[in-house]
Amino acid sequence: MDAAALNAWMHEFARLIAENTAKLTELDSAIGDGDHGFNMDRGLKAVVQALDDEPPDTPSALFKRVGMTLISKVGGASGPLYGTAFLRMSAAADTSVDGPGFAKVLRAGLDGVVARGKCVAGDKTMYDALAPAVDALDAGLAEGKDFPAALQAAVDAATAGRDATVPMAARKGRASYLGERSAGHADPGATSVTLLLVAAAATLTD
Ligand code: ADP
Ligand code: MG
């Protein structure tokens, strides 16, 4: 995967966020302040603009541009969380990213979310979708699956992780103010990060 392939991934993520803005707004209205859909859509539109203005020529430069743009354009908790993830991905990316290299990049992004959010499994955050996805990608590649199959396993794990946030009571972020009343809805960040994986599977082949 070169910068152009990863650029296509970011464009597809932006498209999926735009398509699901109302859903993300609905979820964040149920357990937060309702801004996650709008925040993410504004941020990803700015990402597309920045990438189109001057397409970065390395994976590292591309992820850095994405991270900086998200930090400056996405408000709330999720801007710094996604931004930190992409800056860590930038630092972890080789000149050309192969399957194991992509798994390493995604793991670095997850580590960035943890460093920034101090989140653990079961807090009802984006971690609960992203961590199982990264684990499934590593496991799939270790089992000898080809990259598209391992990436599909990561999508399935993210989706299951997102769905598993429904009954959880939030322990991090704004939703935690609701305590037990935050149960019954999927976490907005777990929902948006699942779209990141869906976009990867739709655009990236080894
Ligand atoms: P805000 O909560 O400030 O309005 P957003 O609505 O944009 O920000 O994002 C909310 C999402 O951010 C949550 O659904 C959750 O997935 C994620 N989040 C919030 N706090 C944390 C944290 N400490 N660690 C990981 N993710 C978090
Ligand atoms: Mg919010």
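This briefing walks through helix packing, helix lengths and a few individual residues in the structure above. The model is predicted, so local features need pLDDT of at least 70, side-chain atom pairs count only at pLDDT 80 or more, and totals for chains, interfaces and linings use all residues. Residues are numbered from 1 along each chain as its sequence is written, chains are lettered from A and ligands numbered from 1 in the order in which they are written, and side-chain values use heavy atoms, with hydrogens and water left out. Helices here are DSSP runs of H or I with at least four residues, numbered from the N terminus.

**How the helices pack**

Two packed helices are described by the angle between their axes and the distance between the axes. Axes are lines fitted to C-alpha atoms, for helices over the stretch in contact, and angles run from 0 to 180 degrees between N-to-C directions.

- Helix α4 (residues 59-73) and helix α5 (residues 78-92) have axes that come within 7 Å and cross at roughly 165°. That angle makes α4 roughly antiparallel to α5, a label used for angles over 145 degrees, while under 35 counts as roughly parallel, 65 to 115 as roughly perpendicular and the rest as oblique.
- The crossing of α4 and α5 is left-handed, meaning that the near helix is turned anticlockwise from the far one by less than a right angle; clockwise would be right-handed.
- On the α4 side, the contact (heavy atoms within 4.5 Å) is made by S60, F63, K64, V66, G67, M68, L70 and I71. On the α5 side, the contact is made by G79, P80, Y82, G83, T84, F86, L87, M89 and S90.
- By class, the contact of α4 with α5 has 10 nonpolar, 6 polar and 1 charged residues. Here Ala, Val, Leu, Ile, Met, Phe, Trp, Tyr, Cys and Pro count as nonpolar, Asp, Glu, Lys and Arg as charged, and the others, Gly among them, as polar.
- The axes of α5 and helix α6 (residues 99-117) also come within 7 Å, crossing at roughly 140°. That makes α5 oblique to α6, and the crossing of α5 and α6 is right-handed.
- Residues of α5 in contact with α6 include P80, L81, T84 and R88, and those of α6 include K104, V105, D111 and R116. By class, the contact of α5 with α6 has 10 nonpolar, 4 polar and 4 charged residues.
- Helices α2 and α3 pack at an angle of about 140°, with their axes 6 Å apart, which makes α2 oblique to α3.
- That contact brings together T21, L24, T25 and D28 of α2 with H36, G37, F38 and D41 of α3. By class, the contact of α2 with α3 has 2 nonpolar, 4 polar and 2 charged residues.

**Helix lengths and buried faces**

The expected span of a helix is 1.5 Å times one less than its number of residues. Buried means under 20% relative accessible area, exposed over 50%, and partly exposed in between (1.4 Å probe, protein chains only).

- Helix α3 (residues 36-53) has 18 residues and should span 26 Å; its end C-alpha atoms are 25 Å apart, which agrees. Among its buried residues are M40, L44, V47 and L51, and what covers the buried residues of α3 includes α1, α2 (21-31), α4, α5 and α9.
- Helix α6, with 19 residues, should span 27 Å, and its end C-alpha atoms are 27 Å apart, which agrees. Buried residues of α6 include F102, V105, L106 and L110; the cover over the buried residues of α6 includes α1, α4, α5, α7, α8 and α9.
- Helix α7 (residues 127-142) has 16 residues and should span 22 Å; its end C-alpha atoms are 22 Å apart, which agrees. Y127, L130, V134 and L137 are among the buried residues of α7, whose cover includes α6, α8 (147-164) and α9 (188-203).

**Individual residues to look at**

- A3 lies in helix α1 (residues 3-19) and is buried, with a relative accessible area of 8%.
- Leaving aside its neighbours within four places in sequence, A3 is in contact with P56, D57, T58, P59 and L62. The C-alpha atoms of A3 and V97, 94 residues apart along the chain, are separated by 8.8 Å.
- K118 sits in the loop between α6 and α7, with a positive phi near 50° in a residue other than glycine. At 57% relative accessibility, K118 counts as exposed.
- K124 lies in the loop between α6 and α7, and its phi is positive, near 65°, again in a residue other than glycine. At 1% relative accessibility, K124 counts as buried.
- Just after α7, G144 takes a positive phi of about 95°.

Notes: Helices (H or I, at least four residues) and strands (E, at least two) are DSSP runs, numbered from the N terminus.
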